[in-house]
Amino acid sequence: MEFRVLQYFLAVVREENISRAAESLHVTQPTLSRQMAQLEEELRTPLFIRGKHLTLTDAGVMLRRRAEEVVSLINKIESEFEEQNEVGGIISIGSGGLSAVEFLLPAMQSFREKYPRVQFQFYTNSAEYVKERLDQGLLDFGLLLEPIDITKYDYLRMPAKEKWGLLLRSDSPLAEKEYITKADLQSIPLITTDRRSLQNELEHWLGKPFSELDIFATYNIITNVALLVNNRAASALTIEGAVNLFGSDKFVFKPLFPELSMTSVLAWKKFQPSFGASGKFLEYLKSML
């Protein structure tokens, strides 16, 4: 399977039409149709449901995901070897919503002032998906909330503390409190993380199992949880860094008491050579820390 054919396939997926995709690729429509037919023959399965608009079969959806990963990795390899006499290329960082990002931002800004050909790429998802992309070589660094298994990685522990609390509607009775106690959590529906290691930490703080709480829902990243909080379905147990940029007067974040804070690490694959822009950035961060 040629890399070029995967690029053609992604163009067809994007345009949902062979003719428009052929135009964007500067190839003829019969050539592109033949390439897609040969790809389906090679994989021995239909990739498209053909109609007014092309839609993907289940096999097509899977191939799209893999093709995007391959194209991203190839582009990353090319960027790492471009302009070796001048530091440039893409530095990719994966993270959820963490306060530690605020530490990285000034480092990124000052590093780019020094090396203006550098471009940063952010990937936002849960820790498990960030680790998966680290393992695949699709990310240079992953910002991960502890506790988490980092035996396969080298890392820098970040100076910022990730403080736990409750995301509430501003008109909630608990919004008037300075902080949230264990007793406050007993009588309200809650939305909380689906990471078992974090649930264990929360259970240790509570002094009782999660099963004794009213868990309305769980999340992997906090992005859409605000909708549930806004609809008064539940309040969300989360870290402050995940919600402090919501910027809405509809919500307030109240810290837990006694305080529950965790650390985070900036991780990268072990034995990864300090090469290119990502290697320079790592040296720069180490000097700052």
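Predicted model: local features only at pLDDT ≥ 70, side-chain atom pairs only at ≥ 80, totals over all residues.

Trainee: What is the phi of His 26, and where does the residue lie?

Mentor: Phi of His 26 is near 60°, a positive value in a residue other than glycine. The residue is placed in the loop between helix 2 (18–25) and helix 3 (29–43). Helices (H or I, at least four residues) and strands (E, at least two) are DSSP runs, numbered from the N terminus. Arg 232 also has a positive phi without being glycine, near 65°. Its loop runs between helix 8 (225–230) and strand 10 (235–239), and Arg 232 is exposed, with a relative accessible area of 58%.

Trainee: At what angle do the axes of helix 2 and helix 3 cross?

Mentor: Axes are lines fitted to C-alpha atoms, for helices over the stretch in contact, and angles run from 0 to 180 degrees between N-to-C directions. The axes of helix 2 and helix 3 come within 9 Å and cross at roughly 110°. Helix 2 is therefore roughly perpendicular to helix 3; angles under 35 degrees count as roughly parallel, over 145 as roughly antiparallel, 65 to 115 as roughly perpendicular and the rest as oblique. Contact means heavy atoms within 4.5 Å. Ile 18, Ser 19, Ala 21, Ala 22 and Leu 25 of helix 2 meet Gln 29, Leu 32, Ser 33 and Met 36 of helix 3.

Trainee: How should I read a sheet, and in what order do the five strands of the open sheet come?

Mentor: Strands of a sheet pair through backbone hydrogen bonds, either parallel or antiparallel. Two strands are taken as paired if DSSP finds at least two bridges between them. In this model, five strands form an open sheet in the order 4-3-5-13-6, with mixed pairing. Strand 4 (117–124) and strand 6 (153–157) are the edge strands, each pairing on one side only. From one strand to the next, the twist averages 25°.

Trainee: How many bridges join strand 6 to strand 13?

Mentor: Five bridges join strand 6 to strand 13 (residues 264–269), and the two run antiparallel. Within strand 13, Trp 268 is the bridge partner of Asp 154.

Trainee: Which strands does helix 6 touch as it packs on the sheet?

Mentor: Helix 6 (residues 127–135) touches strand 3 (88–95), strand 4, strand 5 (141–145), strand 6 and strand 13, and its direction makes about 155° with that of strand 5. The buried residues of helix 6 are Ala 127, Val 130, Lys 131 and Leu 134. They cover an arc of only 100° around the axis, which puts them on the same side of helix 6; the arc is that of the directions from the helix axis to the C-beta atoms. Gly 137 follows helix 6, with a positive phi near 80°.

Trainee: Which residues of helix 5 are buried?

Mentor: The buried residues of helix 5 (residues 101–114) are Val 101, Leu 104, Ala 107, Met 108 and Phe 111. They line one face of the helix, because they fall within an arc of 115° seen down its axis. On the other side of helix 5, Gln 109 and Glu 113 are exposed. The cover over the buried residues of helix 5 includes strand 3, strand 4, strand 5, strand 13 and helix 9 (276–288).

Trainee: Which peptide bonds are cis?

Mentor: The peptide bond from Glu 146 to Pro 147 is cis, with omega near 5°, and Pro 147 lies in the loop between strand 5 and strand 6. Another cis peptide bond joins Phe 257 and Pro 258, with omega about 0°. Pro 258 lies in the loop between strand 11 (251–255) and strand 12 (261–262).

Methods
Residues numbered from 1 in each chain as written. Heavy atoms only, no water. Buried < 20%, exposed > 50% of the residue type's maximum accessible area, 1.4 Å probe, protein only. Expected span 1.5 Å × (residues − 1).
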